[in-house]
Amino acid sequence: MFLKPHCLPLFITLFSLSLSSCLGSYREHPLHPKPYHPYFHTFGVSNKPNYPTLNSADLFNNNIEIRTSAPKIVNVDAFGAKANGRDDSQAFKKAWKYACSSSQQATLVVPKKKVYHLKPIDFSGPCKSAISLNIQGTIKATVNHSDYERYEGRWLYFDKVQNLRVEGGGIINGNGRTWWENSCKINKALPCKEAPTAVTFNECNNLIVASLLIKNAQQMHLSFRKCVNVKAFNLLVKAPGHSPNTDGIHVTETQNININNCVIGTGDDCISIVSGSKNVRATGITCGPGHGISIGSLGARKSAAYVSNVLVNNTILSGTTNGVRIKTWQGGSGYARNIRFQNIVMYNVSNPIIIDQNYCDQQKPCPKQVSAVRVSNVFYKNIRGTSASRVAMKFDCSKSFPCRGIFLQDVALRPQEEEQEDIAKASCANVRLSYRGNVSPPCSS
């Protein structure tokens, strides 16, 4: 069952961007707000603010056409898969090898009403033709941790497969409970170790992932790494809110990706977008429980990080520990820029809007450092709802490299407790802001 959030039509006349039919017709490019002359506020920044200059190219032109003829059907059962509670990995490997080597388009079928147990498995390319994996039944991870020792944090791994579809209405179950119990975030006495990502797509171009339930991952649920031209839609991703590091969809070094009509509730970020990613569009997302939608973290261990051209649109967040967040470590370099959050509803969300250039996710305090990942050209529009934290809007930016070109338009955030007399607060340091329309809570000096 997939939730389809209410569509919010938007009419602004600069550019015409065609989104999917469920989102209506928009007259505004996602990264080109209509020019205006706002009232500026500057907090901890001495020089005069500037308007952003944004790229006018069509950022999300990633139409994918990969089917041209009737495919060859390849059933995993024909290669010895039994779905009897024992390991079916070898049968899946044989079936994949046969389908991938076909000069005709092939569809590898996982039959419905069956549960197949798999150890870590690599679905490697390149294949001779376009290929589909049609998951109608359930694929479930084995629980023996020793099975994963030589697989470097992965379970189902798609590597260098072009023109690939993974769909079918079935279930991918990471069976992650024993991994969560052995996490250092759950048991502080244990050493911190990486757990497997349930599904990884590495260097896969022209990719479609759709109509699946992905649940209870060992760590991250779904990761796109170094991919180009991706469509991920109609996905249900879920794990308990207490499950550690179980990001829903993780995007890294990936370009031209559309994430659409997905319901995500996990123990970490619903969507995380990290370095090397650009032209990322997430629309029609329902998020919660979890840590919200995050760009970052970026710049850890003095690394260079680059993220640009991100749109988050028509989204509902409920009961999350953060709303829409940009988080960077001190000491890093690079940029996070040209980012747009719009048409977002929040229910009982802590930290609904946050930019944190002093992010520190470790037990020891992080030392003060001068360099930072630069954050600029971030636009927040039509964001409303309730905040579970007293501070509903927080901009904690670097003194050396302040946040620049931060735009707020029609933002209305109030406390979750209606009887509370005080309005929600905003905390703003080293940030250059501009307002349009009604913005509540406003920053104060």
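Predicted model: local features only at pLDDT ≥ 70, side-chain atom pairs only at ≥ 80, totals over all residues.
Isoleucine 249 has isoleucine 271, in strand S19, as its bridge partner. Residues are numbered from 1 along each chain as its sequence is written, and side-chain values use heavy atoms, with hydrogens and water left out.

## Around strand S17

S17 covers residues 249-252 and pairs with S19 (residues 271-273) in the parallel sense, over three bridges. Strand S15 (residues 222-225) also runs parallel to S17, and four bridges join them. Within that pairing, arginine 225 stands opposite threonine 252. Strands here are DSSP E runs of at least two residues, and helices are H or I runs of at least four, both numbered from the N terminus; two strands pair if DSSP finds at least two bridges between them.

Is S17 covered on one face or on both? Both faces are covered, with Ile249 and Val251 buried on one side and His250 and Thr252 buried on the other. Buried means under 20% relative accessible area, exposed means over 50%, and partly exposed lies in between (1.4 Å probe, protein chains only).

## The whole chain

The chain has 30 strands and two helices. Of its 445 residues, 56% are buried. The chain exposes about 19,400 Å², of which carbon and sulfur atoms supply 48%; accessible areas come from the Shrake-Rupley method with a 1.4 Å probe, and for residues only the protein chains shown count as cover.

Among contacts (heavy atoms within 4.5 Å) with a separation of 6 or more, 76% are between residues 24 or more positions apart. Mean pLDDT, the predictor's confidence in each residue from 0 to 100, is 87 for the chain, and 83% of the residues score at least 70. Residues 1-63 call for some care: pLDDT stays under 50 there, and the model has 157 contacts beyond four places in sequence for this stretch.

## Packing inside

In soluble globular proteins, nonpolar side chains tend to be buried together. A nonpolar core is a set of buried Ala, Val, Leu, Ile, Met, Phe, Trp, Tyr and Cys residues joined through side-chain atoms within 4.5 Å. The largest one here has 102 residues, and Phe201, Phe224, Phe341, Tyr380 and Phe395 touch the most other members. Beyond four places in sequence, phenylalanine 341 touches residues including Ile295, Val312, Val324, Ile326 and Tyr380.

Leucine 413, in strand S28 (residues 403-415), counts as buried because its relative accessibility is 3%. Its C-alpha atom is separated by 6.6 Å from that of proline 441, 28 residues apart along the chain. Leaving aside neighbours within four places in sequence, the contacts of leucine 413 include Pro352, Ile353, Ala392, Ala424 and Pro441.

## Backbone details

Two cis peptide bonds are worth a look. One joins glycine 125 and proline 126, with omega about 0°, and proline 126 sits in the loop between strands S7 (121-124) and S8 (131-135). The other runs from glycine 288 to proline 289, with omega near 0°; proline 289 belongs to the loop between strands S20 (277-287) and S21 (293-298).

Lysine 302 lies in the loop between S21 and strand S22 (304-318) and is exposed, with a relative accessible area of 59%. Asparagine 338, in strand S24 (residues 333-349), is buried at 9%.

## Cysteines

A disulfide is a covalent bond between the sulfur atoms of two cysteines; here the cut-off is a pair of cysteine sulfur atoms within 2.5 Å. The whole structure has six disulfides, and the table gives some of them.

| Pair | S to S | Angle about S-S | Hand |
|---|---|---|---|
| Cysteine 100 and cysteine 127 | 2.1 Å | -105° | left-handed |
| Cysteine 184 and cysteine 192 | 1.9 Å | 100° | right-handed |
| Cysteine 270 and cysteine 287 | 2.1 Å | 85° | right-handed |

Cysteine 270 lies in the loop between strand S18 (255-265) and S19 and cysteine 287 in strand S20, so their link ties together parts 17 residues apart in sequence. Cysteine 270 and cysteine 287 are both buried. In the other right-handed link, cysteine 184 is buried at 15% relative accessibility, whereas cysteine 192 is exposed at 62%.

With bonded cysteines counted along the chain, the pattern is 1-2, 3-4, 5-6, 7-8, 9-10, 11-12. Cysteine 204 is in no disulfide, and the nearest cysteine sulfur, that of cysteine 227, is 5.0 Å away. Cysteine 204 is buried, with a relative accessible area of 0%.
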